[in-house]
Amino acid sequence: MSSPTPPAGGAAVDALLDPSFLEDAVRQPMSDVRRLRRQAEQEEVNLSYTRRLLQGRLDIVRRELQRRAEHDGRSLVDLLPEILAEKGRGPAHGLGRHQTVQPASPEDYEAWVNSLTPGADLSAITDLSDESLESAARALAAAETGLSERRRGVQQVMDGLAAELGRRYRDGEADVAALLADEGRH
């Protein structure tokens, strides 16, 4: 029996989502709060990337199930442009954040997504039974829900850290020149 897949983002995201994280952060020096904000931003980018991978696989699995049910004569490969164009998907619900960093370890996120469907090699999707595909779709959908919740939590942490930084500047506790000097080192 395999062990359960750890949640998206693992321990790094768990630490950010711990209720004491923001409470502790507001007591930290300015440079540490900025570092924590950058750390949260990196984890949010990692989660966003992982979510896109997961959603792509889920879209492909669902479309293969639909193709089979409708006895669509086209191959899944023929349908890929349609699938990847996100036809039928509703409007994005993201917060439209500008990302200034790249995912840290894309191969780790792909491995995590692949671990969600043990025994169902999606690279050979047409060889899988309907039952295997339905199980994969359920697993991917459940993981997407959990990942999205964790991502929203990290975004709230980012907002909390940004608010703390803004408060410090507004209240005169921080110096813009010090910020520029610190940012120049990163």
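Mentor: Keeping in mind that this is a predicted model, begin with helix α1, residues 10-17, which packs against α3 at an angle of about 125°, the two axes being 11 Å apart.

Trainee: What do we call α1 relative to α3, parallel, perpendicular or oblique?

Mentor: That angle makes α1 oblique to α3, because an angle has to be over 145 degrees to count as roughly antiparallel, and roughly perpendicular covers 65 to 115.

Trainee: And which hand does the crossing of α1 and α3 have, left or right?

Mentor: The crossing of α1 and α3 is left-handed. On the α1 side the contact is made by Ala 12, Val 13 and Leu 16, and these meet Gln 39, Ala 40, Glu 43 and Leu 47 of α3.

Trainee: What classes of residue are in the contact of α1 with α3?

Mentor: Five of the residues there are nonpolar, one is polar and one is charged.

Trainee: Staying with α3, how far apart are its end C-alpha atoms?

Mentor: They are 58 Å apart, and since the 40 residues of α3 (residues 30-69), at 1.5 Å a residue, should span 58 Å, the two values agree. After α3 comes His 71, which has a positive phi, near 55°.

Trainee: Zooming out, how many helices and strands does the chain have?

Mentor: The chain has seven helices and zero strands, and of its 186 residues, 35% are buried.

Trainee: What share of the contacts with a separation of 6 or more comes from residues 24 or more positions apart?

Mentor: Such pairs account for 80% of those contacts in the chain.

Definitions and conventions
Residues numbered from 1 in each chain as written. Predicted model: local features only at pLDDT ≥ 70, side-chain atom pairs only at ≥ 80, totals over all residues. Heavy atoms only, no water. Helix = DSSP H or I, 4+ residues; strand = E, 2+ residues; numbered from the N terminus. Expected span 1.5 Å × (residues − 1). Axes fitted to C-alpha atoms, helices over the stretch in contact; angles between N-to-C directions. Parallel < 35°, antiparallel > 145°, perpendicular 65-115°, else oblique. Left-handed = near helix turned anticlockwise from the far one by under 90°. Contact = heavy atoms within 4.5 Å. Nonpolar A, V, L, I, M, F, W, Y, C, P; charged D, E, K, R; others polar. Buried < 20%, exposed > 50% of the residue type's maximum accessible area, 1.4 Å probe, protein only.
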